[in-house]
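Here is a friendly walk through one protein model, feature by feature. Have the structure open beside you as you read.

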Amino acid sequence: MSISFLTRVLSVSTASDLLTMSVSAADKIVRTIAVYLAILLLMRLAGKRLLAQMNNLDLVVVLLLSNVVQNAIIGPDNSVTGGLLGAVVLLVINTVLDRLTQRSPVLQRIFEGTGTQVVKDGRLIEPALARLGTSRRELAGALHQQGADSVEEVDSAVVEPGGGIFIRLKREEQNVSRAELDAAVERITAEIKDAVAADTGSTSNSR
């Protein structure tokens, strides 16, 4: 009887520990928002990198970053309720900022930055590449994934705020679409017919 009673008491105590936060809801919300904004600022100051070319050092930072700031968010609280509250706050603030940046070019420039041109007329822009902390090899790999075999084939390459890269190949290096090919064939065929017709007409006149 005493053992059963003790078990029920422990169960109630454990459930209470899981659901009851050790800090106030306001404290949890402020901590979460502060850490979110701090990380956003640090990522902004760290600059852009080619997202597809993340190296081992970048991977280590991403893996450890969440553990480093974990205590700053949860504080002395380990409850399920506190964890869920923090998750909700993160989702809400991220959604709100995302909507605001989409509607405001000024906020978009503040929080996300602007694109950085790294190639122009087939030539690397070395200072821009250095600011991004990107090596020539990383850039070459990203360009290759976009269909360029070398920098010389690229008319313009811009690293977007999110870390992606947008390239525009020189016209002579661009792939021809089916519509463009069909149009070229029709044009050449018409020119051949005109030339044959003109040659036939001149031959008839000479006779």
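## Before we start

A helix here is a DSSP run of H or I with at least four residues, and helices are numbered from the N terminus. Please keep in mind that this is a predicted model.

Let's begin with helix 3, which covers residues 56-74. V68 is found in this helix, and V68 counts as exposed because its relative accessibility is 60%, where the cut-off for exposed is over 50%. V68 also belongs to a nonpolar surface patch of about 470 Å², together with L59, V60, L63 and L64.

Now turn to helix 2, residues 25-46, where you will find K28. Is K28 buried or exposed? Its relative accessibility is 1%, so K28 counts as buried; the limit for that label is under 20%. What is K28 in contact with, leaving aside its neighbours within four places in sequence? The partners are V23, I73, I74, D77, G82, L85 and G86.

Next comes an open sheet of 4 strands, arranged in the order 2-1-3-4 with antiparallel pairing. Strand 2 (123-124) and strand 4 are the edge strands, each pairing on one side only.

Helix 7, made of residues 136-145, lies across strand 1 (116-120), strand 2, strand 3 and strand 4. Relative to strand 4, helix 7 runs at about 65°.

Strand 3 (residues 154-159) pairs with strand 4 in the antiparallel sense, over 5 bridges.

Which residues of strand 4 (residues 165-169) are on its covered face, and which on its uncovered one? I165, I167 and L169 make up the covered face, while F166 and R168 make up the uncovered one. In a regular strand, side chains alternate between the two faces of the sheet.

One more residue deserves a look: D121, in the loop between strand 1 and strand 2. D121 is not a glycine, yet it has a positive phi of about 55°. Most residues other than glycine have a negative phi. D121 is partly exposed because its relative accessible area is 48%, and that label covers values between the buried limit of under 20% and the exposed limit of over 50%.

Note on methods
Residues numbered from 1 in each chain as written. Predicted model: local features only at pLDDT ≥ 70, side-chain atom pairs only at ≥ 80, totals over all residues. Heavy atoms only, no water. Patch = residues over 30% accessible without salt bridge, like charges linked within 9 Å, V, L, I, M, F, W, Y side chains within 5 Å. Areas by Shrake-Rupley, 256 points an atom, 1.4 Å probe, with all protein chains shown as cover. Salt bridge = Lys/Arg side-chain N within 4 Å of Asp/Glu carboxyl O. Helix = DSSP H or I, 4+ residues; strand = E, 2+ residues; numbered from the N terminus. Buried < 20%, exposed > 50% of the residue type's maximum accessible area, 1.4 Å probe, protein only. Contact = heavy atoms within 4.5 Å. Pairing = 2+ DSSP bridges. Axes fitted to C-alpha atoms, helices over the stretch in contact; angles between N-to-C directions.
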